[in-house]
Amino acid sequence: TLHQPVRTRIAAFLVTRGEATFTELKKELAITDGNLESHIKKMLAVKYIKKQKKTGASNRIQTIYTLTAKGKEAFENYLETLKRILTIKV
């Protein structure tokens, strides 16, 4: 799931920020609504991220995304795998 570059970037952003709105993710990743929504759905399906609704300024409801414990573990494992691959001596 995380091998896809956009999903890797979503996980990395959420690891460093803790949480983000759909709009923040879209701006940070510079992708379309549809593209981001597609990747978020895949990450929600495997329970790597969770979403919650929060009321923001002016009573506007926003969707906030965070990594789950399973998502953090998957991201850490993915990074470790990449490190091992990159340090293999031929």
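Buried means under 20% relative accessible area, exposed means over 50%, and partly exposed is anything in between. Keep those cut-offs handy for the close-ups of this predicted model.

**Figure 1. The whole protein, before we zoom in.** Let's start with the overall layout. The protein has four helices and three strands, and reading along the sequence gives the pattern α-β-α-α-β-β-α. Along its principal axes, the C-alpha trace spans about 60 × 25 × 20 Å. How many of the 90 residues count as buried? The share is 32%. As for contacts between residues with a separation of 6 or more, 48% of them involve residues 24 or more positions apart.

**Figure 2. Helix α1 crossing helix α2.** Two packed helices are described by the angle between their axes and the distance between the axes. Here we look at α1 (residues 5-17) and α2 (residues 22-29), whose axes come within 11 Å and cross at roughly 120°. That angle is why the two helices are called oblique to each other. The crossing of α1 past α2 is right-handed. Which residues do the touching? On the α1 side look for Val6, Arg9, Ile10, Phe13 and Arg17, and on the α2 side for Glu24, Leu25, Glu28 and Leu29. Sorted by type, the residues of this contact are five nonpolar, no polar and four charged.

Figure 3. Side chains of opposite charge can pair when their charged atoms come close. Zoom in on the contact of α1 with α2, and you'll find Arg17 of α1 and Glu24 of α2. A search of the whole structure turns up four salt bridges.

**Figure 4. Helix α1 crossing helix α3.** Now follow α1 to another neighbour. The axes of α1 and α3 come within 10 Å and cross at roughly 75°, so these helices are roughly perpendicular to each other. From α1, the residues Val6, Arg7, Ile10 and Ala11 meet Leu36, His39, Lys42 and Met43 from α3. This contact is made up of five nonpolar residues, one polar and two charged.

Figure 5. Lys41 and Glu37 lie in α3 (residues 33-45), four residues apart, which is about one turn of the helix. The closest N and O atoms of their salt bridge are 3.5 Å apart. Lys41 is exposed, with a relative accessible area of 52%, while Glu37 is partly exposed at 39%. Over in α4 (residues 69-86), Lys83 and Glu80 are three residues apart, so about one helical turn separates them. Their salt bridge has its closest N and O atoms 3.4 Å apart. Lys83 is partly exposed with a relative accessible area of 48%. What about Glu80, is it buried, exposed or partly exposed? At 39%, Glu80 is partly exposed, because that value falls between the 20% and 50% cut-offs.

**Figure 6. Tyr48, a buried residue in a loop.** Find Tyr48 in the loop between α3 and β2 (49-55). Its relative accessibility is 15%, so Tyr48 counts as buried. Which residues does Tyr48 contact, leaving aside its neighbours within four places in sequence? Among them are Thr1, Leu2, Met43, Leu67 and Ala74. Also look for Ala11: this residue and Tyr48 are 37 residues apart along the chain, and their C-alpha atoms are separated by 8.4 Å.

Figure 7. Ala30, found in the loop between α2 and α3, has a phi near 55°, a positive value in a residue other than glycine. With 66% relative accessibility, Ala30 counts as exposed. Lys47 sits in the loop between α3 and β2, and its phi is near 65°, again a positive value in a residue other than glycine. Lys47 is exposed as well, with a relative accessible area of 54%.

Conventions
Residues numbered from 1 in each chain as written. Predicted model: local features only at pLDDT ≥ 70, side-chain atom pairs only at ≥ 80, totals over all residues. Heavy atoms only, no water. Axes fitted to C-alpha atoms, helices over the stretch in contact; angles between N-to-C directions. Parallel < 35°, antiparallel > 145°, perpendicular 65-115°, else oblique. Left-handed = near helix turned anticlockwise from the far one by under 90°. Contact = heavy atoms within 4.5 Å. Nonpolar A, V, L, I, M, F, W, Y, C, P; charged D, E, K, R; others polar. Salt bridge = Lys/Arg side-chain N within 4 Å of Asp/Glu carboxyl O. Buried < 20%, exposed > 50% of the residue type's maximum accessible area, 1.4 Å probe, protein only.
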